[in-house]
Amino acid sequence: MSQLRESIHGQWSSRWIFVLAATGSAVGLGNIWKFPYITGENGGGAFVLIYLLCIAVIGIPIMMAEIMLGRRGRRSPINTMRHLAAEEGRSPLWQYLGWAGVLAGVLILSYYSVIAGWSLAYVARAVSGVFEGATADAVGLVFSDLVSDPERLLAWHTIFMVMTMVVVARGVKGGLEKAVSYLMPALFVLLIILVGYAMSTDHFVDGLSFLFTPDFSKLTTDGVLIAMGHAFFTLSLGMGAIMVYGSYLPEHTSIAKTTFMVAGADTLVALLAGMAIFPIVFANGLEPASGPGLVFQTLPIAFGQMPGGTFFASLFFVLLVFAAWSSAISLIEPLVAWLVENKNMTRIMASVWAGMGTWLLGIGTVLSFNVLSGKEYQLFDKTFFDLLDYLTANIMLPLGGLLIAVFAVWQMRKQSSMDELEMSNTTGYQLWRFLLQYITPIAVVLVFLRAIGVI
Ligand code: PHE
């Protein structure tokens, strides 16, 4: 057994706080911004089906493994991996899995913050009432005006990074968790209102059938990789975010139950967002494959037409900012925890350094939508933002998740995982183990090989 039963960074005061924090990490731009647009780009139903399958057979077992490793290690992911590898008599090289996660977190946050900045900008636009009665064209123009202006994007990106660092500096257990406990349910209710509006358009059925009728002829091999990558991204897996939150989890809380709650809430939010957005897309003759601007170009049309629209639009974008905020802090927490543990920094200093580095990198994404958007600045047909997103979500996270699975079931003694999960050798435990031993590694490797054209 590990000696250290509580992290030096403190501990969540209850299991519910952990569920909230982990849900706060999982539910974010991935659900409301990314899921709808990549679904639109990848043909709908078949893509959604693969995504759901990946959540069930890969995402859920890996989330349990990450929480388990975190709670057993009680340190930042780098030190957790180093410590657990030593405890299990395994190679010290496992600590590099922690490093890869830290890097992935910084890369993701660098662009995440820019998109969260769009949401902030939309709060300002919504409050001023610009969406009232606006046509699809007018709404589209608001979006293109915003992203074509690097200065404005930079300003919003900066504001969001500062917001994130302030919370991280004060410790993740501070005020934000309490705020999230009200705001997440509010976001949920607002999404339901939006789905209600979508039902009133005469294209609700079109939207549903786009999302839920699989047509495998529309799914490319790259689409399968993107669906799998998104399962990792949306559940915050494969980079240590959930691991570091797990390290603050008190003993004797059921990791399995907690995981089901988080994964269930996350999936529900994504599906609701899809059900709100696609009917609006079809009702207004918009293009489902229009890319990262999709949410920003569709939901405002709906708000513009409903009674109290300015109020609802403002509230929605505020809630989206909060959802992004509670995800952003978990992206940088592994690095900050490591700086505090190993570099003897205060949380404040650690947050400042981590934040400045990430902010700087974010400028690449800011420019991807304007100055550097041209073909001559692209690599493999992708802008800097596209490359970062592809590399992290579709390669780094699945690879990180795969290695986490390998460590949890092939490197750790069976007894250690049974102890930490507080499970005996039941069918549930055996199923978990089987999925991680065989299904996860085989699935991830097959999808990779297929994506690079080897099979
Ligand atoms: N899960 C978050 C979202 O869906 C993003 C995220 C990815 C957060 C990886 C932490 C780690 O928005």
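Select Glu 420 first, which lies in helix α17 (residues 414–421); helices here are DSSP runs of H or I with at least four residues, and strands are runs of E with at least two, numbered from the N terminus. At 3% relative accessibility, Glu 420 counts as buried, a word that means under 20% relative accessible area, with exposed meaning over 50% and partly exposed in between (1.4 Å probe, protein chains only). If its neighbours within four places in sequence are left aside, Glu 420 is in contact (heavy atoms within 4.5 Å) with Arg 5, Met 68, Arg 71, Arg 72 and Ile 255.

Before moving on, note that this is a predicted model, in which local features need pLDDT of at least 70 and side-chain atom pairs count only at pLDDT 80 or more, while totals for chains, interfaces and linings use all residues. Residues are numbered from 1 along each chain as its sequence is written, and side-chain values use heavy atoms, with hydrogens and water left out.

Now select Arg 74, in the loop between α3 (45–73) and α4 (77–87). Its phi is near 60 degrees, a positive value in a residue other than glycine. Most residues other than glycine have a negative phi. Is Arg 74 buried or exposed? At 1% relative accessibility, Arg 74 counts as buried.

For the next stop, select Arg 347 and show its side chain; Arg 347 has its place in helix α15 (residues 347–368) and, at 18% relative accessibility, counts as buried. Which side chain does that of Arg 347 join in a polar contact? The partner is Glu 333, at 2.7 Å, where a polar contact is a pair of N or O atoms within 3.5 Å; within protein, one must be able to donate a hydrogen and the other to accept it, and residues adjacent in sequence count only if both atoms are side-chain atoms. The side chain of Arg 347 also reaches the backbone oxygen of Val 168, at 3.0 Å.

Then select Leu 402, in helix α16 (residues 384–411), which counts as buried at 11% relative accessibility. Apart from its neighbours within four places in sequence, Leu 402 is in contact with Pro 441, Val 444 and Val 445. A distance drawn from the C-alpha atom of Leu 402 to that of Ala 136, 266 residues away along the chain, comes to 42 Å.

Finally, zoom out to the whole chain. Its secondary structure comes to 18 helices and 0 strands. The radius of gyration, taken over C-alpha atoms, is 21 Å, close to the 23 Å that the globule rule (2.2 Å times the number of residues to the power 0.38) gives for 455 residues, so the chain is as compact as a globular protein of that length. Along its principal axes the C-alpha trace spans about 65 × 50 × 45 Å, and buried residues make up 60% of the 455 residues. Among contacts between residues at least 6 apart in sequence, 83% join residues at least 24 apart.
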